[in-house]
Amino acid sequence: DRAGLHHFCFRARERADVDAVYRHLVGELHAHIVHPPEEGSFAPGYYSVLFEDPDGVRVEVNHVPGKGHFGAGGRLGPGGEGPADRYL
């Protein structure tokens, strides 16, 4: 309930990249995992891992196929539920 950075995200090219990051986080860094790689409903095909850095800042690595939110069927794409006209 404080103002400031909640988390930041890196977009991976492939789902396998998300899995590789997770293996490194657990096996080498012993990072605090908020959630392991999982499917999400944020965008079509969304797949992500979420962890915290030593200061408690959450870092996400995700893969979203294609254009994600901006593609057909995406929240911000043509015909989507979001305000695509303001973001494109």
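## An exposed lysine in a loop

Lys 67 counts as exposed because its relative accessibility is 62%; the term exposed applies over 50% relative accessible area, buried applies under 20%, and partly exposed covers the range in between (1.4 Å probe, protein chains only). Lys 67 is located in the loop between strand E4 and helix H2 (84-87). Between the C-alpha atoms of Lys 67 and Gly 77 the distance is 8.8 Å, and the two are 10 residues apart in sequence.

## Basis of the model

The structure is a predicted model, in which local features need pLDDT of at least 70 and side-chain atom pairs count only at pLDDT 80 or more, while totals for chains, interfaces and linings use all residues. Residues are numbered from 1 along each chain as its sequence is written, and side-chain values use heavy atoms, with hydrogens and water left out.

## Overall arrangement

The chain contains 2 helices and 4 strands, in the order β-α-β-β-β-α from the N terminus. Helices (H or I, at least four residues) and strands (E, at least two) are DSSP runs, numbered from the N terminus.

Of the chain's 88 residues, 30% count as buried. Among contacts with a separation of 6 or more, 36% involve residues 24 or more positions apart; a contact means heavy atoms within 4.5 Å.

## Strand E3 and its partners

Strand E3 (residues 47-52) is mostly covered, with 5 of its 6 residues buried. Strand E2 (residues 32-39) runs antiparallel to E3 and is joined to it by 5 bridges; two strands pair if DSSP finds at least two bridges between them. One of the residues involved is His 32, whose bridge partner in E3 is Glu 52.

E3 is also joined to strand E4 (residues 58-63), by 6 bridges and again in antiparallel fashion. Here Tyr 47 has His 63 in E4 as its bridge partner. E3 and E4 form a hairpin with 5 residues between them, and Gly 56 in the turn has a positive phi of about 90°.

## The nonpolar core

Which residues make up the largest nonpolar core? The 8 residues are Ala 12, Val 18, Leu 25, Tyr 47, Val 49, Phe 51, Val 59 and Val 61. Helix H1 (15-29), E3 and E4 each supply at least two residues of this core, and the largest share, 3 residues, comes from E3. A nonpolar core is a set of buried Ala, Val, Leu, Ile, Met, Phe, Trp, Tyr and Cys residues joined through side-chain atoms within 4.5 Å.

Leaving aside neighbours within four places in sequence, Tyr 47 is in contact with several residues, including Arg 15, Val 18, Pro 37, Val 61 and His 63.

## A buried asparagine

Is Asn 62 buried or exposed? Asn 62 is buried, because its relative accessible area is 6%. This residue is found in strand E4. Not counting residues up to four places away in sequence, Asn 62 touches Cys 9, Phe 10, Arg 11, Ala 12, Val 18, Tyr 46, Tyr 47 and Ser 48. Asn 62 and Asp 17 are 45 residues apart in sequence, while their C-alpha atoms are 8.7 Å apart in space.

## Two pockets

Rolling a probe the size of a water molecule over the atoms shows where empty space is left. The search uses a 1 Å grid over the protein atoms alone; a pocket is an open set of points where a 1.4 Å probe fits, with protein on both sides within 12 Å along at least five of seven lines, and lining residues have an atom within 4 Å of a point. Grid points are joined across faces, edges and corners, and a volume is the space filled by probe spheres set on the points.

The largest pocket has a volume of about 210 Å³. Its lining has 10 residues, and those nearest its centre are Arg 2, Gly 4, Leu 5, His 6 and Gly 56. The second largest pocket holds about 180 Å³ of space. Of its 13 lining residues, Phe 42, Tyr 46, Asn 62, Val 64 and His 69 are the closest to its centre. Strand E1 (7-11) gives the most to this second lining, with 3 residues.
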